[in-house]
Amino acid sequence: MIEPGQPFDCPQPITITKRAVETLLGFAREVYPEEASGVLGGNGSQITHAFLIPNGASDKLTRFSWKPEDFLKGLQQIKEHDLEWLGVFHSHPTSSSRPSRTDIDNWHYHSLSYWIVSLENKEEPILSLYRFLHGSFVEQDYRVVE
Ligand SMILES: [Zn+2]
């Protein structure tokens, strides 16, 4: 299918295009107050595309999970755009952008970038990037590029 990329192992720091940020913010607002989630594609350490995956959790207000077929569809879109799979995002509609205990426990693709957008303040969403290291998430800097 498609292997997870290694965006943190690139010599350049992580960047994300303005368009990808706007796309994922749009998804988060669209499904609010439910959690939005999906996969991110790009090249090397630059994320250029966000693809929404329907939330299959029974409690969509505080959880996200993916049905296998929806997950595969998300990865398929990355492949169709000739991109590498570089990350995953989800939204926290009413809480901060810090990963929850559930987020930590359910995360398996440790080489990928992990993004959380908080809509706690809906007017000023906060997008945070994390790297999984030694059993937990460590916040990382990133740059938004054109
Ligand atoms: Zn979460």
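Which residues point one way from E5 and which the other way, and are they buried or exposed?

Analyst: This is a predicted model, in which local features need pLDDT of at least 70 and side-chain atom pairs count only at pLDDT 80 or more, while totals for chains, interfaces and linings use all residues. Residues are numbered from 1 along each chain as its sequence is written.

From E5, Ser113, Trp115 and Val117 point one way, whereas Tyr114, Ile116 and Ser118 point the other way, and all are buried. A residue is called buried if 20 or more other C-beta atoms lie within 10 Å of its own, exposed if 12 or fewer do, and partly exposed in between, with the C-beta atoms placed from the backbone. By this count six of the six residues of E5 are buried, and the strand is mostly covered. The names themselves come from DSSP runs, numbered from the N terminus: helices are H or I runs of at least four residues, and strands are E runs of at least two.

Next come the neighbours of E5 in the sheet. Strands of a sheet pair through backbone hydrogen bonds, either parallel or antiparallel. Here two strands count as paired if DSSP finds at least two bridges between them. E4 and E5 run parallel and are joined by six bridges, and in this pairing serine 91 stands opposite valine 117 of E5. E5 and E6, by contrast, pair in the antiparallel sense over five bridges, with tyrosine 130 in E6 as the bridge partner of tyrosine 114.

These strands belong to an open sheet of eight, ordered E7-E6-E5-E4-E2-E3-E1-E8, whose pairing is mixed. The edge strands are E7 (136-140) and E8 (143-145), each of which pairs on one side only.

Helix H1 packs on this sheet, and E5 (113-118) is one of the strands that it touches, together with others including E4 (84-92) and E6 (126-133); residues are in contact if their C-beta atoms, placed from the backbone, lie within 7 Å. In H1, the residues Ala20, Val21, Leu24, Phe27 and Ala28 are buried. They cover an arc of only 125 degrees around the axis, which puts them on the same side of H1, the arc being that of the directions from the helix axis to the C-beta atoms. An α-helix has 3.6 residues a turn, so residues three or four places apart point the same way. On the other side of H1, Lys18, Glu22 and Glu30 are exposed.

Definitions and conventions
Contact = placed C-beta atoms within 7 Å. Axes fitted to C-alpha atoms, helices over the stretch in contact; angles between N-to-C directions.
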